[in-house]
Amino acid sequence: MDSDINILLVDDEPSLLDQAKTFLEKEDERLNLITASSAEEGLDLLDDEDIDVIISDYKMPETDGLEFLETVRKDLKSEIPFIVFTGKGREEVAIEALNLGADRYLQKGGSPGSQYGVLADAVIQEYEHHLSSIEVKEKEKRLNFLELAINEMKDFKIAVVGEDYRYKTVNDWYVDEYDYDSDEIVGMTVEKLMGEENFRETVKPHLDKALDGEVSEYSSWFDFPSGKKFMEVIYYPLEESKSVAIVIHDITDRKEFEEELKEKKTYLERVPEFIVALDEEGAIEYWSSSSSPLDFELLDPEKIEDESVFDFVHPEDREETINIFEMAVENPGEEFSAEIRGKAEEGWIWFEARAISLLDDPDVESIIVTGRVIEERKEKEKKLEESRRMLEKALQEAPYPMALYAEDGEVIDINQAWKDITGYSLEDVPTLSDWAEKAYGEKKEEIMEILDGLHKEGKTPEGVSKIETKDGEQRMWEFKSSEIGRLSDDRNMILSIAKDITEQKEMEEELKRKEKYIDHTPEYITVLDEEGNIKYHSYPSDEISVLDASEFMGESFENAHPDDREKALEMFSEIFENPGEEYRMELRGRGKEDWIWFEIRAVNHLDDPEVEGIIITAQDISKKKENEKEIEENRDKIERLHEISAEIQLCDSEEEVYSLAIKAAEGILDFDICSFDAVEGDMFVIREISTATPEDGHADRPIDEGGLASKTYLNKESYVVDDVSADKDAKPVKSDYRSAISVPIGDQGVFQAVSTEVGHFDEEDLKTAELLISHVSQAIERIQAKKREEYLHSLLRHDMSNNLQLLDGYLYLLREIDLPEEAEGLVEKGNLVLEKTKGLIEKIRNLRELDEEEIKDVEIGSIIESAISKNKDRLEDEGIELEFEEFEEKVRAGSLLEEVFSNLMENSIRHANCDRIKLSGRVEGDELVVILEDDGKGISEDVKDKIFDRGFKKGEKSGSGLGTFLVKEIVESYGGSVEAKDSELGGARFDIYLERVPQ
């Protein structure tokens, strides 16, 4: 590479631009610097100049470096190497820069010669890489995850087959019915595993279809050593790898009937399915058409009686249908099912058919087949399957709802099927708790206990449950879950797969309900003749009403609620005039003790010679109505809480937060008597109380005398107390207070609400209170953090860092010039001042990092050794002897613990005038005490009480006044403490108390 490299350097400091140009062009003669003092000027130069590499500062007025980077990548769609070169920045800034497309993130600082040398190397490397780079896709990570997911999907047999019909990969469950391990299958032909005939007639046609780019599927009975199983098989084309993914799902349980079908030829024919009675040869003895409107007209039943049912089955489905029929004949009482195409007046339509042999039942002596049209569902399934062309997309675009979540309840991802059915996005349900609350309501705790059992007890949650969608629709889901590995933070990851079986369950329930219609129905079923007289009436098994049918269905509907009588009469007058149409309504009827909500359905079959009546069903929906009302009330309360919470987050002071929160507690949660108590020292101090609180109803009090408030604050747990007079921890301010809610506000204090009634509060009150208080705590923490951050920011500004960088650079250039001896001395003094200032900035940076520190178990010995190593050269230069008693202990601390010992050693080296420093330790109960002492001049009594104060200095050689203050702040942030004492060696002594990790 001999040609020049044109570099665009953008920085708002002109002096830094000049200095960088001088150093970089000196580092490599090929580097040609073009400078700009703003991002806007840089964009103009990109239009006018042929730029090879961009170097940009981050913190600039108007448009900062990241916004400049985003414009280059997204708006200009440029792939020019981009290096962010800035002062000490936050980790999140570096991450954001790399996420936006930065090629490097370098920090200014250190020796100018070194830093600009590193920068020059980075420019050349990125330029060369840019010339030779090719697009690299992140396939490996995704494929590794996909392979992990496939191997953990225990309910699916999955394999990938190449165009040579050999297995490329299989999961363990694909071969659990064979005498092979999964690794033995790889490379084997499908024909060898499946058998020549099965491969040729069944498997190969589907493989060829998928290799041509089309999804193929079928369902069938399979013979395994463990017995017959009904499998659903789907072949997905993987066009990029010229392979086919085979997914097999065992659906045997879904195909088994729970009860025998009985022959019902009267009102049962009006169910929204068709029923066929066959003799043992397959001849049609009886055929009923559905009373529900269909997209296709079935053939007239009178034209097809005594015909063979197989004549009305599509040729491609006929063999499977005959096989199922023969199995039904040979297995009386056992249910069989299939999805087949049947002949209609206008072509073929899909049916789901279920068959059971009652040939040995003298009252039936037939094979009963029920079916329903599934044309629309099959069309949807076809479109869905056609869209899933790669196994990699199987998880996201699978027909089954899937969710990935971590063991602590964080939802990692949900696929499109999940979103489509429930209406919830990942933002709606970021945790399992959110999902359980939205989908299960009052069953939330029960569901969460089941899910928690997966990783805590090794259980695999599975079964059928009812969920509620975002639109309020009730759906039935069949769940199965399995652990599939760990996330990068070592949390277990769980994959949950659901299947929406709402239609199936509804059909099963409807069949059961209609079978029991004759003998024992769970609903009212009434049949009226053309005069309105009752021909038939059945009572529900629990007899929710003691009404006689004639009393309820009489002309005046006198036992219907007065508000519903008129619309009931109007509906029934229309029914008599419109044969075949179904009518529905909800009305209230008189029950044993109160009004009961019913859902009424009625269909006029007066023109049907076998019915000659109006069929009416009534179902008790009182509970549903109550749930709908309760859900609406809770939803309204939560929405109002979210609105007020948004206002709370905008508050600039703690007073504003508490004022808004007390209004929310009164107006939304209906808490008449409540208060916010903040912790100040060892006291609970009232910050805000509700307007209805009596003057003598609340008071400031010591924390150790706060009763329930103290228990709440110290344990960081919420409590609901039904009767405070019977609670040993409660110390009510007024004797007429009976029940209470107490919620901790993080580390800031306690929220409490009381009532003069026993048992006034419930768990729902507690949940809504905790929701409000969580926002209050966040707002208070934010405000307090902001105050502290404002102080720290006042000590360290962008300009200061830039000026130090400039000073360091110019001092470096001066040292390379042959200066007079006096000038060289001044340069060295300036360098000492510079290093001292850098040390001050480093201390301030450490203070800022305290709030973000990760606390963990650390070995104290290695921390102390690292601090000693950091000061080794100074100790040797000053001739100071260091004595260190090694001990093997672990403490709870973070990475800044090294700064504690380094700062204290530095103080002894610089200020104590000592010859000896000693480090030792001892265990005191749950604490480890580390002692650092010297034989120097010691610390006077008047200084010991002030030495840890922020900014305290003494003497001409004193530093910034932050060293010992930083020591105290770091130690206390780890839950420890530090004391200054006199040493037995004759100098100063510091005792550092840290939380010890038990051995």
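**Reading the salt bridges**

Modeller: Strands (E, at least two residues) are DSSP runs, numbered from the N terminus. The model is predicted, so local features need pLDDT of at least 70 and side-chain atom pairs count only at pLDDT 80 or more, while totals for chains, interfaces and linings use all residues. Residues are numbered from 1 along each chain as its sequence is written, and side-chain values use heavy atoms, leaving out hydrogens and water.

Colleague: What is a salt bridge?

Modeller: Side chains of opposite charge can pair when their charged atoms come close. The term denotes a side-chain nitrogen of Lys or Arg within 4 Å of a carboxyl oxygen of Asp or Glu. The structure holds 44 salt bridges.

Colleague: Is E885 buried or partly exposed?

Modeller: E885 is partly exposed, at 36% relative accessibility, whereas K918 is buried, at 18%. Buried means under 20% relative accessible area, exposed over 50%, and partly exposed in between (1.4 Å probe, protein chains only).

Colleague: Which residue forms a salt bridge with K981?

Modeller: The partner is D991, with the closest N and O atoms 3.0 Å apart. K981 lies in strand β37 (residues 977-982) and D991 in strand β38 (residues 988-997). D991 is buried at 0% relative accessibility, while K981 is partly exposed at 27%.

Technical notes:
Helix = DSSP H or I, 4+ residues; strand = E, 2+ residues; numbered from the N terminus.
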